[in-house]
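Hi,

Here is the structure I said I'd pass along. Have a look first, then read on for what turned up.

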Amino acid sequence: MKRLRRNFALAATAMVVIVAAAELPSSAAGGVGAKANVSSAGTSRAAQSRTRAYWTPARMSHAKAMSMGITQAQAAALGASGAPSIGKPVTVEPTGGRGVQPGPLTSPVPAACCPGAAYAYPAPFTRYGVFPNSQYNVYPYRTNGKIFFTQGASNFVCSGTVVSSAGHWLVETAGHCVANATTHTFSTNVLFVPAYRSGSAPFGTWSASRLWTSTDWINNGNLRNDRGFIILATLNGVKIQDRVGSEGILFNQSYLQGFTDFGYPQASPFNGATMQVCTSSTEETDPFIGGGGSIPLGIGCDQTGGSSGGGWIVRFSSVGGYVNGHNDYQYTSPARPREMFSPYFDNAELSLYNCATDNVC
């Protein structure tokens, strides 16, 4: 199979890769027994301290947007389409919203029933910057943040969202933010800054203690499984979920949803300084993609590189919502800059989550 090429370079060797393919127990957060196909890498406490010291204001300001653009030809070159991995719906609840839940969810769509195109390109959407600035510090906005990391000799930025986990330590993001599918290596110097704004870090800077991604991503560059989770080390003895709260997360739900999409786009015309939001409904399932696994879905959104990994939230409100996708890739040829795709959160995402939620797999 011809592997997808991104702007990834050889990562440093501060992490040791562990590949798991085992039967999973049901997690405390409501997971189901499923075959895992996941890879992970951990860091020492000394490396975590070095990471926080590494990210000076100058390095942060010069970190580059990770490319999220692909061509139709690259997508098709991922190979023949394989079977989806859709199972029973699973819901993990948000925390931090005064104990009130966002409300009932839609019913799941059976595996044989996926939408083609709900809208013709470009789909309608609204995008805005979070305002006023005080909103950055308010739950659940503060669960979203900017990710800084190194691949090879270059520093990059992505986005991510704190999600509820048994360990109270988890950020959901794109696989290409935590692992390089060309060199089959993990990112280093991984740092998460919740509620980042113009260089400020109101809730501190949090280094990664372990990274998780799908083996299908790190080995094959399959965009259908471009999935990632980051376990964060404690900061001054506190866990990230206990500091900022968390969004819930959904698996095996309907393709047809309304999303509130968060990210820190840095590629032009943005500069990565502020949190941007798109509100949109499902536009279509990807008509061009090859490779095995469940078909990705697209929404209308014009965020750019740097927004990779930013959470797509279902039923977003002041009491929290549910991550059910993330900014992953856009087509550059033919150019479709007002459309964003995400892997579908199926059993493959659930298996990865089950490993990362309590760091056991």
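Strand β8 (residues 154–163) has 9 of its 10 residues buried, so it is largely enclosed by the rest of the structure. Buried here means under 20% relative accessible area, with exposed over 50% and partly exposed in between (1.4 Å probe, protein chains only). Helices (H or I, at least four residues) and strands (E, at least two) are DSSP runs, numbered from the N terminus.

Before the rest, some housekeeping: this is a predicted model, where local features need pLDDT of at least 70 and side-chain atom pairs count only at pLDDT 80 or more, while totals for chains, interfaces and linings use all residues. Residues are numbered from 1 along each chain as its sequence is written, and side-chain values use heavy atoms, with hydrogens and water left out.

Back to β8 and its pairings (two strands pair if DSSP finds at least two bridges between them):

- Strand β7 (residues 144–151) runs antiparallel to β8, joined by 8 bridges; I147 has C158 as its bridge partner. The two strands form a hairpin with 2 residues between them, and G152 in the turn has a positive phi of about 65°.
- Strand β9 (residues 170–174) is also antiparallel to β8, with 3 bridges; T161 is partnered by E172. This hairpin has 6 residues between the strands, and H168 takes a positive phi near 60°.
- Strand β3 (residues 64–65) pairs with β8 in the parallel sense over 2 bridges, with A65 partnered by V157.

**Salt bridges**

I counted a salt bridge whenever a side-chain nitrogen of Lys or Arg is within 4 Å of a carboxyl oxygen of Asp or Glu. That gives 5 salt bridges.

One of them joins D302 and R127, at 2.6 Å from N to O. D302 sits in the loop between β18 (297–300) and β19 (311–314) and R127 in strand β6 (residues 126–129), so the pair ties together parts 175 residues apart in sequence. D302 is buried at 18% relative accessible area, whereas R127 is partly exposed at 31%.

R227 and E349 meet at 3.1 Å, N to O. With R227 in strand β14 (residues 227–232) and E349 in helix α7 (residues 347–357), the pair ties together parts that are 122 residues apart in sequence. R227 is buried at 0% relative accessibility, and E349 is buried at 0% too.

R336 bridges to E284, the closest N and O atoms being 3.0 Å apart. Both residues are buried. Finally, salt bridges that share partners join R227, D346 and E349 into one network.

Cheers
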